[in-house]
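Please read the numbered points alongside the sequence and the coordinates.

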Amino acid sequence: MYSLTSMTKRHILIFLRDKTAVFFSFLSVLILLTLYFLFIGRQYTSGSAMDMLDEDLKTYLVAGVMMGGVIIINTMSLSLGMMGSIINDMEFRRLDGFLVTPVKRYKIILSYYISSIIVTTFLTIFMWILTVLYVGIFSGYWYSISTILLASLYIFLFTFISSSMMIFLTTLLKSVNAFGTMSGVLGTLIGFMSGIYMPLVVLGKSMAYVASLVPFTHMAIILKNLLLKAPYKELSLIVPSDAMKEISIVYGTEEIGILGMDVSMGLIMLGCIVLSGVFLYFAYRRLNRKMGK
């Protein structure tokens with residue numbers, strides 16, 4: 001147990017000490033926040049139905065839409081950033097030093113995964129707390145304790161799913177350069193494919209079908225529904241019910257099922273958890289094989 005704890009601590013410290021790695025892990029999130037503040041956020045508060053809203057309620061609504069996507073991207077980008085230590089250790093042959101110690105291989109591999117979950121969960125929940133404070137201070141609306149706690153539990157679950165996918169993708173790479181390229185592209189790609197950068201209704205039906213196969217899409221829908229539950233109640237007192245339906249589609253809180261089929265969100269998330277286990281298994285096999293070379 002001590003060896004697993006020590007190696008996990010080692011990966012965490014290496015990541016946090018590398019300011020460049022931390023910055024680029026947040027790069028996708030920073031780009032998304034910039035896009036929201038510059039022009040994406042405006043599309044969520046434009047239109048005749050929104051003209052009757054005060055600025056505080058608009059801030060409450062946009063924050064829910066924005067952070068529902070940003071937090072999901074954060075679980076992915078931070079998980080991937082943490083996995084960079086695997087590539088570095090393999091390319092610079094630091095793993096050779098681990099392999100001559102009595103530490104079992106599964107502990108070495110598990111330490112990378114655990115360190116990813118710890119760092120990603122901690123930093124993402126920290127971002128979530130900042131969101132709660134931002135919304136409360138600038139809009140006057142405060143999220144309930146139950147919403148704060150449930151969102152934190154979702155963050156832990158989504159981190160588990162994201163980290164499982166990212167460690168598997170990392171095992172497919174062979175060099176630091178390839179890892180850097182994937183890190184720069186993947187966040188933006190996921191953002192568009194999952195309807196986080198812009199509503200899926202804008203991208204068309206075909207793109208919605210593709211998005212329905214991406215776990216991050218459903219994760220964003222779940223989180224947005226949670227963060228927008230209270231704002232929707234406020235909005236429903238002002239906006240007609242037919243307009244509320246259109247707003248929910250544009251805001252990305254409507255469930256889309258799988259390939260147009262009506263599949264419950266519970267089943268989809270259960271499938272994502274099972275898929276995460278499969279990714280972990282194959283990631284372990286690939287890493288174990290590479291370490292044996």
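The points below move from the whole chain to particular residues.

1. Basis of the note. This is a predicted model, in which local features need pLDDT of at least 70 and side-chain atom pairs count only at pLDDT 80 or more, while totals for chains, interfaces and linings use all residues. Residues are numbered from 1 along each chain as its sequence is written, and side-chain values use heavy atoms, with hydrogens and water left out.

2. Overall composition. The protein chain has 13 helices and zero strands; here helices (H or I, at least four residues) and strands (E, at least two) are DSSP runs, numbered from the N terminus. Of its 293 residues, 48% count as buried, where buried means under 20% relative accessible area, exposed over 50%, and partly exposed in between (1.4 Å probe, protein chains only). The chain exposes about 14200 Å², and carbon and sulfur atoms supply 69% of that area; accessible areas come from the Shrake-Rupley method with a 1.4 Å probe, and for residues only the protein chains shown count as cover.

3. Contacts across the sequence. Among contacts between residues at least 6 apart in sequence, 80% join residues at least 24 apart. A contact means heavy atoms within 4.5 Å.

4. Helix H12 spans residues 241-250, and Ala243, Met244, Ile247 and Ser248 are buried in it. They lie on the same side of H12, because they cover an arc of only 140° around the axis; the arc is that of the directions from the helix axis to the C-beta atoms. As background, an α-helix has 3.6 residues a turn, so residues three or four places apart point the same way. The buried residues of H12 pack against helix H11 (215-236), whereas the face turned away from the buried side carries the exposed residues Asp242 and Glu246. After H12 comes Gly252, with a positive phi near 75°.

5. The salt bridge. The structure holds one salt bridge, defined as a side-chain nitrogen of Lys or Arg within 4 Å of a carboxyl oxygen of Asp or Glu. Its partners are Glu254 and Lys245, whose closest N and O atoms are 3.1 Å apart. Glu254 counts as partly exposed because its relative accessibility is 30%; Lys245 is partly exposed as well, with a relative accessible area of 47%.

6. Aromatic pairs. The whole structure contains nine aromatic pairs. Rings of Phe, Tyr and Trp (its six-membered ring) pair if their centres lie within 6.5 Å; planes under 30 degrees apart count as stacked, over 60 as edge-to-face and the rest as tilted. Tyr60 and Tyr141 are stacked, at 4.5 Å centre to centre with 5° between the planes. This pair links distant parts of the chain, since Tyr60 is in helix H4 and Tyr141 in the loop between H6 and helix H7 (145-171), 81 residues apart. Tyr60 counts as buried because its relative accessibility is 2%. The pair of Phe168 and Phe279 is tilted, because the ring centres are 5.1 Å apart and the planes stand at 40°. Phe168 lies in helix H7 and Phe279 in helix H13 (residues 265-291), so this pair ties together parts 111 residues apart in sequence. Phe168 and Phe279 are both buried.

7. Asn74 is found in helix H4 (residues 55-91) and counts as buried because its relative accessible area is 0%. Leaving aside neighbours within four places in sequence, Asn74 is in contact with Phe26, Val29, Ser79, Thr120, Leu123, Thr124 and Met127. Ser111, in helix H6, is also buried, with a relative accessible area of 0%. With residues up to four places away not counted, Ser111 touches Leu4, Met7, Thr8 and His11.

8. A nonpolar surface patch. Which residues form the nonpolar patch on the surface? They are Phe126, Ile129, Leu130, Leu133, Tyr134, Ile137, Phe138 and Trp142, with about 830 Å² of accessible area together. Patches are made of residues with over 30% relative accessible area and no salt bridge: like charges are joined within 9 Å, nonpolar side chains (Val, Leu, Ile, Met, Phe, Trp, Tyr) within 5 Å. Leu133 is in helix H6 (residues 105-139) and counts as partly exposed because its relative accessibility is 40%.
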